[in-house]
Amino acid sequence: MLFKVEMTVNPPKDMSPEQFDSIKLVEKEYSEELQRQGIWCHIWRVVGQYANVSIFDVTDNSHLHEILMKLPLYPYMDVVVTPLCAHPSSIK
């Protein structure tokens, strides 16, 4: 199942830069592994925001929920999930 996931990060103002950098490093490693597995298919930065738009290919809703909940930055995110399906005009 394909999902578009929009993630906006809102770190606490009192979080130290060192702590935030540490969390981002763990998040990067986790996201890169999901990309290598073909689960996190695409990720794009939203210009001018600490946000991204991503495409996930997962087995079901629960699988996506589990993945998102494991993101180290998840506690500081606003997340919008949109299920996707094939478009009849797509040549793929």
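Analyst: Val-58 is buried, with a relative accessible area of 4%; buried denotes under 20% relative accessible area, computed with a 1.4 Å probe on protein chains only. The model is predicted, so local features need pLDDT of at least 70 and side-chain atom pairs count only at pLDDT 80 or more, while totals for chains, interfaces and linings use all residues. Residues are numbered from 1 along each chain as its sequence is written, and side-chain values use heavy atoms, with hydrogens and water left out.

Val-58 lies in the loop between strand E3 (51–57) and helix H2; helices (H or I, at least four residues) and strands (E, at least two) are DSSP runs numbered from the N terminus. Leaving aside neighbours within four places in sequence, Val-58 is in contact (heavy atoms within 4.5 Å) with Met-1, Phe-3, Ile-39, His-63, Leu-64 and Ile-67. The C-alpha atoms of Val-58 and Met-69, eleven residues apart along the chain, are separated by 14 Å.

Val-58 also belongs to the largest nonpolar core, of 18 residues, where Val-5, Met-7, Phe-56, Val-58 and Leu-64 touch the most other members. Such a core is a set of buried Ala, Val, Leu, Ile, Met, Phe, Trp, Tyr and Cys residues joined through side-chain atoms within 4.5 Å. Strand E1 (2–9), helix H1 (17–36) and helix H2 (61–69) each give two or more residues to this core, and E1 provides the largest share, four residues.

Strand E3, for its part, runs antiparallel to strand E2 (residues 40–45), joined by five bridges; two strands pair if DSSP finds at least two bridges between them. Asn-52 in E3 is the bridge partner of Arg-45.

Terms used. Buried means under 20% relative accessible area, exposed over 50%, partly exposed in between (1.4 Å probe, protein chains only).
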